[in-house]
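I opened the model to look up its aromatic rings. My notes follow in the order in which I made them.

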Amino acid sequence: MNPTDNHYPEGQSFRNSLNSRYRVASIWQALFFSALLIAMLSLAALLYNVVDGAFGYVAYEYKNDPAEFSAKPLDDLNKQELLDILKANLSDGAYNKLNNEQAMEKRSKSDLYTLVLERLIQIDTKQTWSMTASIFDANEVKAEAAKKYPEAKLEFRSWLTPIFLTTPMSSKAEFAGVRTAILGSLWMVGIAILFALPIGTGAAIYLQEYATKNFLNRIIQTNINNLAGVPSIVYGMLGLAIFVRALEPFTSGSIFGITDTNGRTILSAGLTMGVLVLPLIIINGQEAIKAVPDSLRQAAYGVGATRWQTIWHHVLPNALPGILTGSILAVSRAIGETAPLIVVGASTFISLDPEGPFSKFTALPIQIYQWTTRAQSEFHSIAASAIIVLLVLLLTLNAAAVIIRNRVQRKY
């Protein structure tokens, strides 16, 4: 080979090569930006579709004239007047049932007002319209409502209200709320994290710091990676077999003297969700521990620290932010799962708040699923409102976990 030969392009050839590389780089940059844009548009379309169903015009009628129960408008009645109307017009059995669920005298004015509307006045929703149609086609909506339902009242309604957040489930969409479902979801996620986070972190520490690279440990690692992708319905079947049936004396609370429940409790659901997210926590924990520099371990060993002292005082504090990131992902998956809860036995209709781990329960995904299967359009509207509540709850839990992670990261 001639040492004077130059294998690099020069002159016009160099400029052509440079322009070609920049052109390829620009094409790839445009493709990456397009992917980001498509993802953002998809998310925006999803959010808009949800919000579009939670607001809009509603045409409704009263089955019973409010004037039959009070000469004054219902909005002007005080708490005692509303209570007197319920006592006078409800049967003794119906009134006593409501009084047993919660003492009527202790209910708020808004609760009594809702009971009067639900039990006595009885709202009959004729039709609902989306937010888009209500805003951009308001005249057409009003004309359609006047033609189809001349006796109905038409109002622009937000289905997502403070009452919706603080009211339990009802068979009428106009009076249904998500309080019971929110409490059930919080109980379930809390039990899942309390179960899965210490076990997952311990397993990650053992696999990364103690386990030798032999055939058995490679099989265990492969199975953990595979379990992270197993469909959630399989975990539901596992929870049904183990927590609901095999461990029923524990999950039902019968060994603690509780006799009015079976294994289909919120404890079984929380443990099932804990098993569901356990592989995810283990894998993220291993990656976080692996990211801790080996020089930190060697420095600890050099000053005489044992392996456990090195892990506890140096490795684990530095890996904790990554481990908490895994817990954030675990919470996100656990709070949105539906299939395992159906198998384990979540109630589709329950109006009693969970009072402990041995209570019957429902959760927001179950409630949303049940409402979306109903034919009436008003149930679809409250389902959209419940989706917004679920998203806000998820973002709140994630934000709390992120704040904790960032504080730990600044500390260490």
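I began with Tyr60, which is buried at a relative accessible area of 8%; buried means under 20%, exposed over 50% and partly exposed in between, with a 1.4 Å probe and protein chains only. I then checked Tyr62, which is partly exposed at 28% relative accessibility.

The model is predicted, so I note that local features need pLDDT of at least 70, side-chain atom pairs count only at pLDDT 80 or more, and totals for chains, interfaces and linings use all residues. Residues are numbered from 1 along each chain as its sequence is written, and side-chain values use heavy atoms, without hydrogens and water.

I found eight aromatic pairs in the structure. Rings of Phe, Tyr and Trp (its six-membered ring) pair if their centres lie within 6.5 Å; planes under 30 degrees apart are stacked, over 60 edge-to-face, the rest tilted. Tyr60 and Tyr62 are edge-to-face because their planes stand at 65°, with ring centres 5.8 Å apart.

Next I looked up Phe164 and Trp371, a tilted pair with 6.2 Å between centres and 40° between planes. This pair links distant parts of the chain, 207 residues apart: Phe164 is in helix H7 (residues 162–166) and Trp371 in helix H16 (residues 364–372). Helices are DSSP runs of H or I with at least four residues, numbered from the N terminus. Both Phe164 and Trp371 are buried.

I also noted one aromatic cluster, formed by Phe250, Phe256 and Phe358.

Last, I checked charges over rings (NZ of Lys or CZ of Arg within 6 Å of the ring centre and within 35 degrees of the ring normal). Arg157 has its charged end over the ring of Tyr60, 5.3 Å from the centre. Arg374 lies over the face of Phe379, 4.0 Å from the ring centre.

Terms used:
Helix = DSSP H or I, 4+ residues; strand = E, 2+ residues; numbered from the N terminus.
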